[in-house]
Amino acid sequence: MTQSIDYGNLMHHAMRGLIQTVLSDIAANGLPGEHHFFITFDTRHPDAELADWLRERYPEEMTIVIQNWYDNFEVGEDGFSITLNFGNSPEPLYVPLDAITTFVDPSVEFGLRFETQEYDEDDEIEEDEVAEEEEAAPAERGEAEVVSLDQFRK
């Protein structure tokens, strides 16, 4: 049994579930009104699928826009597939929900940001190592120090 509730991971799971629900509705019914999405994802995620030339152009992250033209939009339990137009060249993509770093719907000023994940050589997310490091080195509480900002004012 764990010593504490991992609210951070629970929130990330819930927020990704929200994205999955929204995208599933859009895949089934289309975009309502002025809604559109900017989705940034980690192209290094082991399950992300994109053309080699896109991966070369965006070696770490890529932002896609779901607005005017998209095709073959399907949402699954772990991610979504979509065909988008890149310079008049339709390209299929698969974006795992775990690879999403930001999800924004500017039409209603809604956005979510996720912490980035690191992947090891075996393409496994290294969340356990981060959790172990945090547990092994708890933050020490020292006395507070009052700092005067007067020296930085013009």
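Figure 1. Helix α1, residues 7–29, lies across β1, β6 and β7. The helix runs at about 55° to β6. This view, like those that follow, is taken from a predicted model.

**Figure 2. The whole protein, for orientation.** The protein has three helices and seven strands. Read from the N terminus, the elements follow the order α-β-α-β-β-β-β-β-β-α. Of the 154 residues in the protein, 28% are buried. The exposed surface comes to about 11400 Å², and carbon and sulfur atoms supply 46% of this area. Among contacts in the protein with a separation of 6 or more, 50% are between residues 24 or more positions apart.

**Figure 3. The open sheet has four strands in the order β2-β1-β6-β7.** The pairing in this sheet is antiparallel. Strands β2 (61–66) and β7 form the edges, each pairing on one side only. From one strand to the next, the twist averages 10°. Strands of a sheet pair through backbone hydrogen bonds, and the pairing can be parallel or antiparallel. Strands β1 and β2 are joined by six bridges. Within this pair, Phe 37 stands opposite Ile 66 in β2.

Figure 4. Strand β6 covers residues 100–105, and five of its six residues are buried, so the strand is largely enclosed by the rest of the structure. Four bridges join β6 to β1 (residues 37–42), and the two strands run antiparallel. One of the paired positions links Phe 41 with its bridge partner in β6, Ile 100. Four bridges also join β6 to β7, residues 110–113, again in an antiparallel arrangement. Here Val 104 stands opposite Gly 111 in β7. Strands β6 and β7 form a hairpin with four residues between them. Glu 109, in the turn of this hairpin, has a positive phi of about 55°.

**Figure 5. Ile 100 belongs to the largest nonpolar core.** This core has 27 residues, and those touching the most other members are Ile 39, Phe 80 and Ile 100. At least two core residues come from each of α1, β1, β2, β4, β5 (90–96) and β6. Leaving out residues up to four places away in sequence, Ile 100 touches Arg 16, Ile 19, Ile 39, Thr 40, Phe 41, Phe 80, Val 95 and Phe 114.

**Figure 6. Thr 43 is buried in a loop.** The loop that holds Thr 43 lies between β1 and α2 (52–57). Thr 43 has a relative accessible area of 1%; it counts as buried because this value is under the 20% cut-off. The side chain of Thr 43 reaches the backbone oxygen of Tyr 58 at 2.7 Å. Apart from neighbours within four places in sequence, Thr 43 is in contact with Ala 48, Leu 50, Arg 55, Tyr 58, Pro 59, Glu 60, Glu 61 and Met 62.

**Figure 7. Thr 83 meets Asn 72 through a polar contact.** Thr 83 is found in strand β4, residues 79–85, and Asn 72 lies in strand β3, residues 71–75. The polar contact joins the two side chains at 3.2 Å. Thr 83 is buried, with a relative accessible area of 10%, whereas Asn 72 counts as partly exposed at 49% relative accessibility. Beyond its neighbours within four places in sequence, Thr 83 is in contact with Trp 69, Tyr 70, Asp 71, Asn 72, Pro 90, Glu 91 and Pro 92.

Figure 8. Most residues other than glycine have a negative phi. Asn 72, in strand β3, has a positive phi near 50°. Asn 88 has a positive phi of about 65° and is not a glycine either. Asn 88 lies in the loop between β4 and β5. At 71% relative accessibility, Asn 88 counts as exposed, whereas Asn 72 counts as partly exposed at 49%.

Key. Residues are numbered from 1 along each chain as its sequence is written. This is a predicted model: local features need pLDDT of at least 70, side-chain atom pairs count only at pLDDT 80 or more; totals for chains, interfaces and linings use all residues. Side-chain values use heavy atoms; hydrogens and water are left out. Buried means under 20% relative accessible area, exposed over 50%, partly exposed in between (1.4 Å probe, protein chains only). Two strands pair if DSSP finds at least two bridges between them. Contact means heavy atoms within 4.5 Å. Accessible areas come from the Shrake-Rupley method with a 1.4 Å probe; for residues, only the protein chains shown count as cover. Axes are lines fitted to C-alpha atoms, for helices over the stretch in contact, and angles run from 0 to 180 degrees between N-to-C directions. A polar contact is a pair of N or O atoms within 3.5 Å; within protein, one must be able to donate a hydrogen and the other to accept it, and residues adjacent in sequence count only if both atoms are side-chain atoms. A nonpolar core is a set of buried Ala, Val, Leu, Ile, Met, Phe, Trp, Tyr and Cys residues joined through side-chain atoms within 4.5 Å.
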